[in-house]
Amino acid sequence: MDRQPHGRLDELLRDPYPHYERARHTGGLTHVAELDAWMVARDTDVREVLRRPEDFSSANALRPDVLPSPAALAVLGRGFGGRPVVVTADGALHQRLRTPIVRGLSPARVTAVLPYAAERAAALVDSFAADGSVEFMSAYAHRLPGEVIGRIVGIDPADVPAVVHGGHRAEELLFRPLKEAEQVAAAEDVVAMQQLLDRYAQRRHAEPREDLCSELVASVLPPGAAELTLEERHELVAHLQNLLLAGHLTTTALLGTTVLHLLRHPDQWALLCAEPERIPAAVEEAARYDSALQGFRRVTTRPVTLAGTELPAGAALFVAFGGANRDPERHPRPDAFDITRAPGRHLAFGLGAHGCPGSKLAREQLRITLEELTRRLPGLRLAEDDPVVMRPTMIHRSPYRLRLTW
Ligand code: HEM
């Protein structure tokens, strides 16, 4: 929560891999001061934590790196949300919150949205294909995932940019050390998004449609019953905000890193263009090699021993999916990006009770994107005059900008 150590924390966030390697080599668990948590970076240890949600609670999964200033908190006080969401809930509450999301993202629902996703992907590529160069993050990666999850949730396309913007601002506010005035401005944008989502919740309660927003609302209060209470509106906005952010920020990040690593390995890009049937394997390798969600926190509910380290109740852990995915015990030559490697079970989408319910949707968007790019722009390469800088974050690892030419 302290703003001072951000320099050292940023260094770790920009390149966490040496830290994981050290933690894997050191006996037991390593306490990392910058993260204020015990680092869990071996594949077997990460799996053990994820399989024991009763001992390792998700209550702190999304603990912010920064506590907003009183002025920003005052602005946030005018918004909605601040209630437990699926990713931070445990036990029966977690089940109640997760059930409608799993139903809403079922394989059949995802299959039904694919024609729309393919049409939007093609239209976005159309918008720059004749230009010879593009900044891929703003022209594509920031756009497709919001449009697709917006379609599933039932957000009007005209409102999608405000939802996507609000999501980025919420992340900045809670995870970046912003100046006071910027914090207040970010909080205003977050509140505007929450008010928009509240209007959706109320409208879908009054007139349900065939969309996930209506289902989430109905899971809290059946349609036609009395008006939503203020408490129910807070719960629904928190739920919707979490689902939308989980749906677009992560996928945006993986789109960026996937294209980045393929183009940093031109031989593998050429192979993919020649043999596009390798696209699903390339998506898995990109997700493993530079995981969008590097890790989430957990907190022990009782004294436990993990990897030989005794932890008291209330101990904070950083569960590094990105570290497990580079563990040589599970993935031979883990630091090599290799789309031809034999499939291995990575943890980029988590595992167990909190395992990602949107993984199919994310994978399909990656597949559609690579099909478009390999077919239409096989001459893609990274622009040499715009060095890639990674965003300092554990939760949506991606380049800030990705300038491509062809
Ligand atoms: C590349 C894209 C994505 C990655 C890398 C990713 C990764 C993950 C991971 C690692 C978790 C587990 C968190 C934990 O154990 O605490 C998770 C949970 C979750 N993901 Fe994803 N995800 C992606 C895309 C999506 C999409 C497209 C959606 C929705 C449309 C989504 C919705 C969720 C939700 C709601 C949870 C919380 C589940 C729970 O706590 O029970 N994700 N995701």
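Here is a walk through the ligand site and the aromatic contacts of this predicted model.

Let's start at the ligand. It is surrounded by 25 residues, and the closest are H94, R98, R298, H354 and C356. Sorted by class, this shell has 16 nonpolar, seven polar and two charged residues. Where do they come from?

In the side chain of H94, an N or O atom is 2.6 Å from an oxygen atom of the ligand. The backbone takes part as well: an N or O atom of V86 lies 3.3 Å from a ligand oxygen, and one of A246 lies 3.4 Å from a ligand nitrogen.

Now to the aromatic rings, where the structure holds four pairs. One of them joins F128 and W406, with 6.1 Å centre to centre and 55 degrees between the planes, a tilted arrangement. F128 sits in the loop between α6 (107–126) and β4 (133–135), while W406 is in the segment after β10 (403–405), 278 residues apart. F128 is buried, at 3% relative accessible area, whereas W406 is partly exposed, at 26%.

Y289 and F337 also pair: their ring planes stand at 65 degrees, which is over 60, so the pair counts as edge-to-face, with centres 5.2 Å apart. This pair links helix α14 to the loop between α15 (321–324) and α16, across 48 residues. Y289 is buried at 12% relative accessibility, and F337 is buried at 4%.

Finally, two arginines meet tyrosine rings. R151 lies over the face of Y116, 4.1 Å from the ring centre, and the charged end of R326 sits over Y17, 3.8 Å from the centre of its ring.

Terms used
Residues numbered from 1 in each chain as written. Predicted model: local features only at pLDDT ≥ 70, side-chain atom pairs only at ≥ 80, totals over all residues. Heavy atoms only, no water. Near = heavy atom within 4 Å. Polar contact = N/O pair within 3.5 Å; in protein donor to acceptor, adjacent residues only side chain to side chain. Nonpolar A, V, L, I, M, F, W, Y, C, P; charged D, E, K, R; others polar. Phe/Tyr/Trp six-rings, centres within 6.5 Å; stacked < 30°, edge-to-face > 60°. Helix = DSSP H or I, 4+ residues; strand = E, 2+ residues; numbered from the N terminus. Buried < 20%, exposed > 50% of the residue type's maximum accessible area, 1.4 Å probe, protein only. Lys NZ or Arg CZ within 6 Å of the ring centre and 35° of its normal.
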